[in-house]
Amino acid sequence: MRPSLIVLDGVRWQGTPVVGERSQTLLAELVRHSRDGVSDERLVAELWPDALPSHPTKALQVVVSRTRAATDTHVITRSANGYRLGISADQVDALKLAAAVQLARGRLAAGDAAGARAAAEDAVDLGRTITLSTDEGALGDLLAAAQADAEEARDLLGVALSRVGEHQRALPLLTATVAKRPDDEDLVLCLLRSESAVHGPSAALRTFEDYRARLADTLGTDPGAALRRLHAELLALDRPVRQGLLFDHTELVGRDADLAALRALVRTARVTSIVGAGGLGKTRLAHVLGREAEQPVVHFVEL
């Protein structure tokens, strides 16, 4: 559902621009504090930062009335000591962006890489609409926070894509994220896996050696256990074993969702079973997974 209130790319209500700097500032401040609302005193200070009007409460009521007329009467509601946003988060693009980032972060932490990818992609799409402003007030602060959310969404998307096996898309995102956070070993782990899948294990091994050398020079430490295990896997991948696999002459069509789910499962489960009626293509799926497997040794055994 398209949000009714747009604040990331100009302030608009259902496609129509909301004119007036104070109305825009009022909406931005209410969006920024959508959970708790904003007191009259704070709104007055935001709307008239240089000089207060003669009758602040009356002046604020006039701005609220004008803003309601430009949007809808239920958009701004009265609270105990001020005003609050009267519409749900999914009706505001900035709040929808923040919620998608939080959802992606939570799903990634819970091990749901496919769910994290979907949420992060929604957030990245919303983040593309951000038009930065030189406004130093509420709207500028709101856009700066949204830009930070959009950046985190790209970081989360890179990790999620790597974990579900979409390494081609993941690699540029992970490269940018690791450049910002070079000491995050979880990120480096994902980067090495995606780099190995896209450019081969030798490229990933060079990146690992650069990382290990930098750790030794700057901190005097070695990579953690997970990275050392991956290093051993990468060394083995330089001479992989593939036994019993068939190489199809035709492309597997219409099974992208199944492959994505299976790629995620084989990374997190000790045993993954493909079940279904005969003739659905279970064997072909297994051969595809075997051919592209990150594991150095793959045997396909007919039963």
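1. Which residues of α7 meet which residues of α8? On the α7 side they are His167, Gln168, Ala170, Leu171, Leu174, Thr175, Thr177 and Val178. Their partners in α8 are Leu187, Val188, Cys190, Leu191, Arg193, Ser194, Glu195, Ala197, Val198 and His199. Contact here means heavy atoms within 4.5 Å.

2. Some housekeeping before going on. This is a predicted model, in which local features need pLDDT of at least 70 and side-chain atom pairs count only at pLDDT 80 or more, while totals for chains, interfaces and linings use all residues. Residues are numbered from 1 along each chain as its sequence is written, and side-chain values use heavy atoms, with hydrogens and water left out. Helices (H or I, at least four residues) and strands (E, at least two) are DSSP runs, numbered from the N terminus.

3. Back to that helix pair. Helix α7 (residues 167-180) packs on α8 at an angle of about 140°, and the axes are 9 Å apart. Axes are lines fitted to C-alpha atoms, for helices over the stretch in contact, and the angles run from 0 to 180 degrees between N-to-C directions. The two helices are therefore oblique to each other; angles under 35 degrees count as roughly parallel, over 145 as roughly antiparallel, 65 to 115 as roughly perpendicular and the rest as oblique. The crossing of α7 and α8 is left-handed, a label used if the near helix is turned anticlockwise from the far one by less than a right angle (right-handed if clockwise).

4. Now compare α1 and α6. Helix α6 covers residues 138-163, and α1 packs on α6 at about 45° with the axes 8 Å apart. That angle makes α1 oblique to α6, and α1 passes α6 in a left-handed crossing. From α1, the contact uses Gln24, Thr25, Ala28, Glu29, Val31 and Arg32; from α6, it uses Ala138, Leu139, Asp141 and Leu142.

5. Have a look at α3 (residues 56-70). Its 15 residues reach 21 Å from the first C-alpha to the last, close to the 21 Å expected at 1.5 Å a residue. The expected span is 1.5 Å times one less than the number of residues. Ala59, Leu60, Val63, Val64 and Thr67 of α3 are buried (under 20% relative accessible area, with exposed over 50% and partly exposed in between; 1.4 Å probe, protein chains only). These residues sit on the same side of α3 because they cover an arc of only 140° around the axis, where the arc is that of the directions from the helix axis to the C-beta atoms. As a reminder, an α-helix has 3.6 residues a turn, so residues three or four places apart point the same way. On the other side of α3, Lys58, Arg66 and Ala69 are exposed. The cover over the buried residues of α3 includes α1 (21-32), α2 (40-47), β5 (76-78) and β6 (82-85).

6. Helix α10 (residues 225-237) can be read in a similar way. For its 13 residues the span should be 18 Å, and the end C-alpha atoms are 18 Å apart, which agrees. Leu227, Leu230, His231, Leu234 and Leu237 are buried in α10. They cover an arc of only 120° around the axis, which puts them on the same side of α10. Packed against the buried residues of α10 are α8 (185-199), α9 (201-218) and β7 (241-243). Ala226, also found in α10, is partly exposed at 34% relative accessible area.

7. Then there is α11 (residues 256-268), where Leu259, Ala260, Leu262, Arg263 and Ala264 are buried. These buried residues pack against α5, α6 and α12 (282-292). Arg117, found in helix α5 (residues 113-127), is buried, with a relative accessible area of 17%. Not counting residues up to four places away in sequence, Arg117 touches Leu157, Ala160, Leu161, Val164, Glu166 and Ala260.

8. Ser4, in the segment before β1 (5-6), is buried at 13% relative accessible area. Leaving aside neighbours within four places in sequence, Ser4 contacts Arg12, Trp13, Gln14 and Gln91. Gln14 lies in the loop between β2 and β3 (16-17) and is exposed, with a relative accessible area of 56%. Gln14 also has a positive phi of about 50° although it is not a glycine.
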